[in-house]
Amino acid sequence: MSVERILIGTLIMAGVTYLVRMLPLAIFKKKITNRFVRSFLAYVPYAVLAAMTLPEILYSTGSVYSAGFGLLVALVLAYHNRGLLTVALGSSAAVFAAEWLLRAFQLM
Amino acid sequence: MRDKHHYDKKAAAFRKGLKDGVPICLGYLSVSFAFGMMATQGGMPAWAALVISMSNMTSAGQVAGTNLILSGGLYLELAVTTFVINIRYMLMSLSLSQKVDESMTTLQRWVLSFGVTDEIFAVAMQQEGAVTAEYFSGLVLTPYLGWSLGTLLGATATNLLPAGVRTALGIAIYGMFLAIIIPPARKAAPVAKVVLFAALLSCLFRWVPGLNRISGGWVIILCAVAASAYGALCYPIQETEGAANEC
């Protein structure tokens, strides 16, 4: 692995990623007034996060079953308005417990 | 006195940003730990993993890019892959451009846009009112430190965490996403419908043969655009500043 290849590759990745992030924020300085565009952009965060979470969350742990249980616990906690950290660690704990059980019964 | 008051307000916004960044920082520690491990196990020196993390700060994009560097992919392939996986940031930055304080300077925009990630974007958009440069700086800084530190730890001390803990932490970031989208979806039916629409579409792209050949970066864009357009068409948001924009 040559140092030159690592550095050129890193530079390409960093450059592309930065431009993608920077251009819209630098170009659109005025508030957009069009109601459709404003509504569209208001829904973007929810739509992006939903599309990123499902179904990917099911493949984020050691087994689909433990992930499914973690998803369920996360949904219940989030539904009851728990904070970000509580939901994140709560679902992790659920996965940990589920995988411990799965291993105990040799299902994983 | 007025200046002092002004300064205090800015400092308070910065501190609030730092604090709001802590959950993201914790989530990043585990994700970047995994990245650091992956990079060094693939044959990359630890310093290179750290440089990649500190100059990219993007999970999926830099994992794919690092794999391409390791496997001998072309530079063009590297550029296109990075672009496709990270194209969602364009949508986020555009959405964020409508949320930031209009007084944010060009230089501040150029610097701070480096910190637009899925999680930082999500937390920033959750804020009431405009996002100031001070708040956003704090919100970027704590996760950035976590991202860098986690990479370094993962790259140098691979066996610090037992495997069971590592796999369990894989879900943490998604749990955080759910904590962000579920409460508003519970409060407003249109948001719930947009969330369901995007999630179902995303599942289709993952599980339906043929559709699942499309790369993940495109899928997120397609789902987000379709679901947001559906929301905007069927449930346009109420304008708070008078009815100036009736179409």
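The C-alpha centres of domain 1 and domain 2 of chain B lie 24 Å apart. Those domain bounds come from an automatic or database domain assignment. This is a predicted model, in which local features need pLDDT of at least 70 and side-chain atom pairs count only at pLDDT 80 or more, while totals for chains, interfaces and linings use all residues. Residues are numbered from 1 along each chain as its sequence is written, chains are lettered from A in the order in which they are written, and side-chain values use heavy atoms, with hydrogens and water left out.

**Between the two domains of chain B**

- Domain 1 covers 2–172 of chain B, and domain 2 covers 188–237.
- Five residues of domain 1 of chain B and seven residues of domain 2 of chain B make the contact (contact means heavy atoms within 4.5 Å).
- About 520 Å² is buried between these domains, and carbon and sulfur atoms give 88% of that area. Buried area is the accessible area (1.4 Å probe) that two parts lose on being put together, summed over both.
- Val84(B), Ile87(B) and Leu91(B) supply 70% of the area that domain 1 of chain B buries against domain 2 of chain B, more than any other three residues.

**Between chain A and chain B**

- Chain A brings 75 residues into contact with 103 residues of chain B.
- The area buried between the two chains is about 8,100 Å², with 72% from carbon and sulfur atoms.
- In chain A, Arg21(A), Arg35(A) and Tyr43(A) lose the most area to chain B, together 11% of what that side buries.

**Polar and charged links between the chains**

- The rule finds one salt bridge across the interface of chain A and chain B.
- Arg206(B) forms a salt bridge with Glu56(A), and their closest N and O atoms are 2.7 Å apart.
- Across the interface of chain A and chain B, 27 residue pairs are in polar contact, both residues being at pLDDT 80 or more.

Methods: A salt bridge is a side-chain nitrogen of Lys or Arg within 4 Å of a carboxyl oxygen of Asp or Glu. A polar contact is a pair of N or O atoms within 3.5 Å; within protein, one must be able to donate a hydrogen and the other to accept it, and residues adjacent in sequence count only if both atoms are side-chain atoms.
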